[in-house]
Amino acid sequence: MQLQLVSPCRVPRVGGAVVVGGIHRIGTLTSTVTVRRRSKAVTTAMRAVVQRVASASVEVEGRIVSEIGPGLLVLVGIHDSDSDADADYICRKVLNMRLFPNENTGKAWDHSVMQKNYQVLLVSQFTLYGFLKGNKPDFHVAMAPQRAKPFYASLVDRFRNAYNSDAIKDGVFGAMMKVNLVNDGPVTMQLDSNSPN
């Protein structure tokens, strides 16, 4: 008979069965597997959900306030800790993501929205930083509206300064919006400002 004490993070396996007590006194211990505890990491970054679209529009109170043809619809979630560096990263990455095909070479992922001279529709969406507490959503890690509104406006300005200002559209911050889109592909990617370069 063999005895082995294991730490709480190590689970001994006897034959095909896992031993649940940490000590097994009957039979032979044949292997030990390591169990990694999963920690729920909370992202502290600006988040963008980028969708390649054939068209998209934003409607507020029955009126279309913004619309684009081919290009990118970008839903933006602003974290409470976001800074100018996060906004710079998202702006640079979105405008340079190669999500469009090159008709001349046949490459599927070769051109950016700027290379295609397409448009970008930005929509502020704090619910991208929602977490469930039970069944109820919690948005406490999203930047408060009083700070987020001017911060989001500065992000829109970054896009307009980095590209053609007429090609950048946005929704109405804080309004109840209906966002309509025709996803082309479909192609949807999530981008966080703390992502690797």
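Student: Let me start with a side chain: is Phe173 buried, exposed or partly exposed?
Tutor: Phe173 is partly exposed, since its relative accessible area is 25% and buried would mean under 20%. Keep in mind that this is a predicted model.

Student: Okay, and which ring does Phe173 pair with?
Tutor: Phe173 pairs with Tyr152. Their ring centres are 6.0 Å apart and the planes sit at 35°, so this pair is called tilted.

Student: Where in the chain are those two?
Tutor: Tyr152 is in helix 2, while Phe173 is in the loop between strand 10 (168-170) and strand 11. They are 21 residues apart. Tyr152 counts as buried because its relative accessibility is 3%.

Student: How many aromatic pairs are there?
Tutor: The count is 3. One of them is Phe100 with Tyr118, and it is edge-to-face because the planes are at 75°, with the centres 5.2 Å apart.

Student: And where do Phe100 and Tyr118 sit?
Tutor: Both Phe100 and Tyr118 are in the loop between helix 1 and strand 7, 18 residues apart. Phe100 is buried at 3% relative accessibility, whereas Tyr118 is partly exposed at 24%.

Student: Switching topic: how many helices and strands does the protein have?
Tutor: It has 2 helices and 11 strands. Starting at the N terminus, the order is β-β-β-β-β-β-α-β-β-β-α-β-β.

Student: What about the inside, how many residues are in the largest nonpolar core?
Tutor: That core has 31 residues, and Val74, Leu122 and Phe159 have the most contacts inside it. Elements supplying at least two residues each include strand 6 (71-77), helix 1 (84-96) and strand 11 (177-192). There is also a second, separate core of 12 residues, with Val49, Val60, Ile68 and Val123 among them.

Technical notes. Residues are numbered from 1 along each chain as its sequence is written. This is a predicted model: local features need pLDDT of at least 70, side-chain atom pairs count only at pLDDT 80 or more; totals for chains, interfaces and linings use all residues. Side-chain values use heavy atoms; hydrogens and water are left out. Helices (H or I, at least four residues) and strands (E, at least two) are DSSP runs, numbered from the N terminus. A nonpolar core is a set of buried Ala, Val, Leu, Ile, Met, Phe, Trp, Tyr and Cys residues joined through side-chain atoms within 4.5 Å. Buried means under 20% relative accessible area, exposed over 50%, partly exposed in between (1.4 Å probe, protein chains only). Rings of Phe, Tyr and Trp (its six-membered ring) pair if their centres lie within 6.5 Å; planes under 30 degrees apart count as stacked, over 60 as edge-to-face and the rest as tilted.
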